Amino acid sequence: MKAKLPTQCPSCETLLSVSQLSCETCQTVVQGNYPLPVFLKLSPKEQEFILQFFLTSGSLKEMASQLGISYPTVRNQLDDMIQHIKDLNI
Amino acid sequence: MKRLLQFIKNPFEISSDKSLTTTGIILFIIGIILAYFFQIQLQILRVNPLVKLTITDIIIGHLIILSALTIVYFILGKIINRKTRLLDILNMVLISLAPLYLIFFENINGYMYEEIHQMEEAIKSGGILNIKTSIFSVIISVLSISITIYFIYLLFIGFKTATNAKKIWHYVLFFAILFITDLLCSGLINSI
């Protein structure tokens, strides 16, 4: 089973940050406080959407036909995501 | 079955532009034929079975409703979201109007004409309170109201899908425009 990377604190639901990274080969450990990349701050559904958008070369029409939903629905989802990313203050 | 339920709930979310336009146009033509066959004048939120209509009157009436709703909601859509497309608004109007055509069947054998005519006569003679309401009339009325509510529901979710409207003022304007357009269209259709 592939472990899912947690991005939210299970206790207070605040976005988590990276505090430790390790090398699997030599076991070197880097400690610090790094914010999560933008992509990981998004929900799994939003991440899936971005991936689909990329794989269809940014064609919303093709995405709509692949997902079995209408063009304006896909465009609305994209607009909502753009707003969400803007709200993350990036 | 699941797809059908989804279509009834929100056809604008799952159907492609082409299929919505094709279905909408076919239903629009069927609506015109039914209106002529049952002799009913559609006026958005009301119907009038009391006038004698030619096929030209009905086509003009239906085109007035289609174009008025499309134009006003396209303008509102552009104000709310500049990405709003005319095609999505046209589809929303074409598909939303379809349930209203079911109301035409209430004039089979001139039933609706007779009921409204009797009411008019009773109002003129001052005996409106003496009119007996049959269970059938109540069922027909409830059915008509339900169909009209479903029409408004389809129009509303179609508009939300086409424009991504989310704010309260968007909804207020949507309903205000619906009632104003209804009044204007009724006036215009009655003057033909």
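**Fold and contacts**

Modeller: Chain B has 8 helices and 2 strands. Helices (H or I, at least four residues) and strands (E, at least two) are DSSP runs, numbered from the N terminus. From the N terminus, the order in chain B is α-α-α-β-β-α-α-α-α-α. This is a predicted model: local features need pLDDT of at least 70, side-chain atom pairs count only at pLDDT 80 or more, and totals for chains, interfaces and linings use all residues. Residues are numbered from 1 along each chain as its sequence is written, while chains are lettered from A and ligands numbered from 1 in the order in which they are written.

Colleague: What pLDDT does chain B average?

Modeller: The average is 91, and 100% of the residues score at least 70. pLDDT is the predictor's confidence in each residue, from 0 to 100. For the complex, the predictor gives an ipTM of 0.80 and a pTM of 0.85.

Colleague: What is the radius of gyration of chain B?

Modeller: It is 18 Å, close to the 16 Å that the globule rule gives for 192 residues, so chain B is as compact as a globular protein of that length. The radius is taken over C-alpha atoms, and the rule is 2.2 Å times the number of residues to the power 0.38.

Colleague: And chain A?

Modeller: Chain A has 17 Å, but a compact globule of 90 residues would have a radius of gyration near 12 Å. Its C-alpha trace spans about 50 × 30 × 25 Å along the principal axes. The elements of chain A run β-β-α-α-α-α from the N terminus.

Colleague: How much of chain A counts as buried?

Modeller: 11% of its 90 residues. For chain B, buried residues make up 30% of 192. A residue is buried if 20 or more other C-beta atoms lie within 10 Å of its own, exposed if 12 or fewer, and partly exposed in between; C-beta atoms are placed from the backbone.

Colleague: Which residues have the most contacts inside the largest nonpolar core?

Modeller: Ile89(B), Met92(B), Val93(B) and Phe159(B), in a core of 36 residues. Helices H3 (17-38), H4 (55-80), H5 (86-97), H7 (135-163) and H8 (168-190) of chain B each supply at least two residues of this core. By definition, such a core is a set of buried Ala, Val, Leu, Ile, Met, Phe, Trp, Tyr and Cys residues joined through C-beta atoms within 7 Å.

Colleague: What is Phe159(B) in contact with?

Modeller: Leaving aside neighbours within four places in sequence, Phe159(B) is in contact with Tyr73(B), Met92(B), Ala165(B) and Phe174(B). Contact means C-beta atoms, placed from the backbone, within 7 Å.

Colleague: Switching topic. Where is Ile44(B)?

Modeller: Ile44(B) sits in the loop between strand E1 (41-42) and strand E2 (47-48) of chain B. Its phi is positive, about 60°, although it is not a glycine. Ile44(B) is also buried, with 24 other C-beta atoms within 10 Å.

Colleague: And Asn164(B), buried or exposed?

Modeller: Buried, with 22 C-beta neighbours inside 10 Å. Asn164(B) lies in the loop between H7 and H8 of chain B. Phi of Asn164(B) is near 60°, again positive in a residue other than glycine.

Colleague: Last one. How many residues of chain A are in contact with chain B?

Modeller: 10 residues of chain A, in contact with 11 residues of chain B. Helix H4 (residues 71-87) of chain A gives the most to the chain A side, with 6 residues.

Key: Contact = placed C-beta atoms within 7 Å.
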